[in-house]
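Dear colleague,

I am handing over the structure below, and I would be glad if you looked through it before reading on. My notes on what was found in it follow.

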Amino acid sequence: MASNQDQPWLLENGNLKGLTKENRTGRTAHNMSSSSLRKKSDLTLVSKVPCSLLRQFLTNLQEVMLGTKLSVLFPAIPLAIVAQCFGFARPWVFALSLIGLMPLAERVSFLTEQISFYTGPTVGGLLNATCGNATELIIAIFALAQHKIAVVKYSLLGSILSNLLLVLGTSLFCGGIANIRREQKYDRRQADVNSLMLLLALLCHLLPMLFAFAAGASASVTSDPSLHLSRASSIVMLIAYAAYIVFQLWTHRQLFEAQEDSDDDGVVSDEAPVIGFWSGIVWLIGMTAVIALLSEYVVGTIEEASDSWGLSVSFISIILLPIVGNAAEHAGAIIFAFKNKLDITLGVALGSATQIALFVVPSCVIIAWIMGINMDLNFSAIETGSLALSILAVAFTLQDGTSHYLKGLVLLLCYIIIGACFFVTESPLHHSNIVNVGLKTSNEVVFGA
């Protein structure tokens, strides 16, 4: 247990701030999902260390590095660094970096929750909303820096699709099989809010593509207006996300609170922080730095991995990157579906998809704008169509407030056919405006140009 007596500003009436009953309740679905992969650390040996500073450091090290069931994957991080430094085959660097990102994403969630014990639930919720998809945002920024706009679009689209179809579908299917003789119910209100926000994001993605179709001209004529429309749409999406955060953390907080039961076998109870406030901040910065390093490796080696494995960059970015990068969060959602706690599962899958669609994607457009890079929301027809049909399928699936295994199976089959589509698709890596290229070609065929 971390000592906080040397931090009097974190104490209130002799008790630790953030540990009152009021502040402990209302943990988000993301917190609950991540806690399902944590395990209690045995501090018996560490407690015998005579030096207090060394003992506290070893305690924090054990809690952060060994306090997760994914700790066996941490060796992939130094292996990826060694492979990069000594010039190993690039696909090996790519694979080891992806594996190393898996426990790091879960540990970031753990650290934000630890910090929220001291800051209170509202600030903790804001921190979790900001860092919840840090891995995707960091990978996207490095890809933008290397002008790999297609990789950015593919990876973010893949994260949304994996949350809506793979995670939610697997959860509903497994939960339905495990509770086949019980009716699975959930609160429709949270699903309705997220579906509405996803439809808004879909509109902002559709308009630039529809604008290009309506213009019916070459890419040189439509690129600038489409880019301006994308940037304006991104600002609207960020405003909508800010309103969503206010709705989630203040005005309608009760809709997004995950209910905790006393029979959560195997789930670590987080009634008190296990590391100090400043220790959590330092570890969070360190974890983010390592994520940034591995993300740079992933972006720099994705083309070599594509050539070596015989897989298209679009398939790796849309299918492999989201599955591996969010494996910890996805596993937690499925675990709670087995326990017939679909509100937590929906909070993870829909909440993460909403955050990527309304925050990460428009943030990338704005960041690219600042960097002088022309990134728009004009995805290809296949990508935008896949996103639209996925959102509509999920909205119809969740409209009645009940679930069974067939709903999950249908969502999984949708994900499989979309994955097959991108498996056979060979998209040019540096074409960020593929729709307009297709339009120009079709016009030449029709009019004999």
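**What was found**

Of the 449 residues of the chain, 55% count as buried. Please keep in mind while reading that this is a predicted model. The chain holds 17 helices and four strands, and of its contacts with a separation of 6 or more, 85% are accounted for by residues 24 or more positions apart.

Helix H8, which covers residues 149-178, packs with helix H14, residues 342-370, at an angle of about 170°, and their axes are 10 Å apart. Because an angle over 145 degrees counts as roughly antiparallel, H8 is described as roughly antiparallel to H14. Where H8 and H14 are in contact, the residues divide into 18 nonpolar, five polar and no charged.

The largest nonpolar core has 109 residues, and those with the most contacts inside it are Leu164, Leu168 and Cys364. Leaving out residues up to four places away in sequence, Leu164 touches Gly169, Leu198, Leu350, Ala353, Ile391, Val394 and Leu411.

Helix H12, residues 313-325, is mostly covered, with 11 of its 13 residues buried; among them are Val313, Phe315, Ile316, Leu321 and Pro322. The buried residues of H12 pack against helix H5 (90-119), H8, helix H11 (277-309), helix H13 (327-338) and helix H16 (405-423).

A residue in a loop also deserves a look. Leucine 255 has its place in the loop between helix H10 (219-251) and H11, and it counts as buried because its relative accessibility of 8% is under the 20% cut-off. Apart from neighbours within four places in sequence, leucine 255 is in contact with Asp187, Arg189, Gln190 and Phe247. Of these, arginine 189 is 66 residues away from leucine 255 in sequence, while the two are 7.0 Å apart in space, C-alpha to C-alpha.

Finally, a word on the cysteines. A disulfide is a covalent bond between the sulfur atoms of two cysteines, and with sulfur atoms within 2.5 Å as the criterion, the count comes to zero disulfides. Cysteine 85 counts as exposed, because its relative accessibility of 58% is over the 50% cut-off, whereas cysteine 414, with a relative accessible area of 26%, is partly exposed.

With best wishes

Technical notes: Residues are numbered from 1 along each chain as its sequence is written. This is a predicted model: local features need pLDDT of at least 70, side-chain atom pairs count only at pLDDT 80 or more; totals for chains, interfaces and linings use all residues. Side-chain values use heavy atoms; hydrogens and water are left out. Axes are lines fitted to C-alpha atoms, for helices over the stretch in contact, and angles run from 0 to 180 degrees between N-to-C directions. Helices (H or I, at least four residues) and strands (E, at least two) are DSSP runs, numbered from the N terminus. Angles under 35 degrees count as roughly parallel, over 145 as roughly antiparallel, 65 to 115 as roughly perpendicular and the rest as oblique. Ala, Val, Leu, Ile, Met, Phe, Trp, Tyr, Cys and Pro count as nonpolar, Asp, Glu, Lys and Arg as charged, and the others, Gly among them, as polar. A nonpolar core is a set of buried Ala, Val, Leu, Ile, Met, Phe, Trp, Tyr and Cys residues joined through side-chain atoms within 4.5 Å. Buried means under 20% relative accessible area, exposed over 50%, partly exposed in between (1.4 Å probe, protein chains only). Contact means heavy atoms within 4.5 Å.
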